[in-house]
Amino acid sequence: MTTSASVPAGSTNAATSSGTVTDRLVEANEQYAAAFTDPGMDARPVLNVAVVACMDARLDLHAALGLALGDCHTIRNAGGVVTDDVIRSLTISQRALGTRSVVLIHHTNCGLESLTEEFRHDLEMEVGQRPAWAVEAFRDVDQDVRQSMQRVRTSPFLLHTDDVRGFVFDVKSGLLREVDPA
Ligand SMILES: [Zn+2]
């Protein structure tokens, strides 16, 4: 492993073009913190909503949904899939931190559309161990959103399952399209 010795000491304000990407993020944080003032919020989301979305880099949730700091919980993974761990986060979100609504956002041109469950098989062949998790690959994004809505609505752990809505975000237009749960 190489180390990031390329960032010169004493030049924390300078934008370096030679550091690692993480160095760049840390530098950006210094700028952020310099302008930051404590908003004095507690941990409960202002809008009482949790958003579950794909990790896709083209989806800027706060900008796309008009969200401000402190407004919502964002729970993201590959596909925006409602896994056991997402249920864990939603359960804590609702029972400990007061959220009541759930918004699910999948999107067009998702990386999971080009994978199959063969991905697990290939992994097993390569490393000698089969992952415990499903890839959750899909072909029909609407159906995938419906399945996610169903998993939230049928979870025994959640307090609030009456306001659960699912959408497909179009990475070309920036528009959300709601998916009929039926
Ligand atoms: Zn995706």
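Two strands pair if DSSP finds at least two bridges between them. Strands (E, at least two residues) and helices (H or I, at least four residues) are DSSP runs, numbered from the N terminus. The model is predicted: local features need pLDDT of at least 70, side-chain atom pairs count only at pLDDT 80 or more, and totals for chains, interfaces and linings use all residues. Residues are numbered from 1 along each chain as its sequence is written.

**Exercise 1.** Determine in which sense strand 4 pairs with strand 5 and with strand 3.

*Solution.* Begin with strand 5 (residues 176-179): 4 bridges join it to strand 4, and the two run antiparallel. In this pairing F169 stands opposite L176. The two strands form a hairpin with 6 residues between them, and G174 in the turn has a positive phi of about 80 degrees. Turn next to strand 3, which pairs with strand 4 in the parallel sense over 6 bridges. Here L104 stands opposite G166.

**Exercise 2.** State how many residues of strand 4 and of helix 1 are buried (20 or more other C-beta atoms within 10 Å of the residue's own, C-beta atoms being placed from the backbone).

*Solution.* In helix 1 (residues 21-35), the count among 15 residues is 0.

**Exercise 3.** Identify the contacts of V102 (C-beta atoms, placed from the backbone, within 7 Å) beyond its neighbours within four places in sequence.

*Solution.* With those neighbours left aside, V102 is in contact with A50, V52, L90, V152, D163 and V164.

Note on methods
Two residues are in contact if their C-beta atoms, placed from the backbone, lie within 7 Å. A residue is buried if 20 or more other C-beta atoms lie within 10 Å of its own, exposed if 12 or fewer, and partly exposed in between; C-beta atoms are placed from the backbone.
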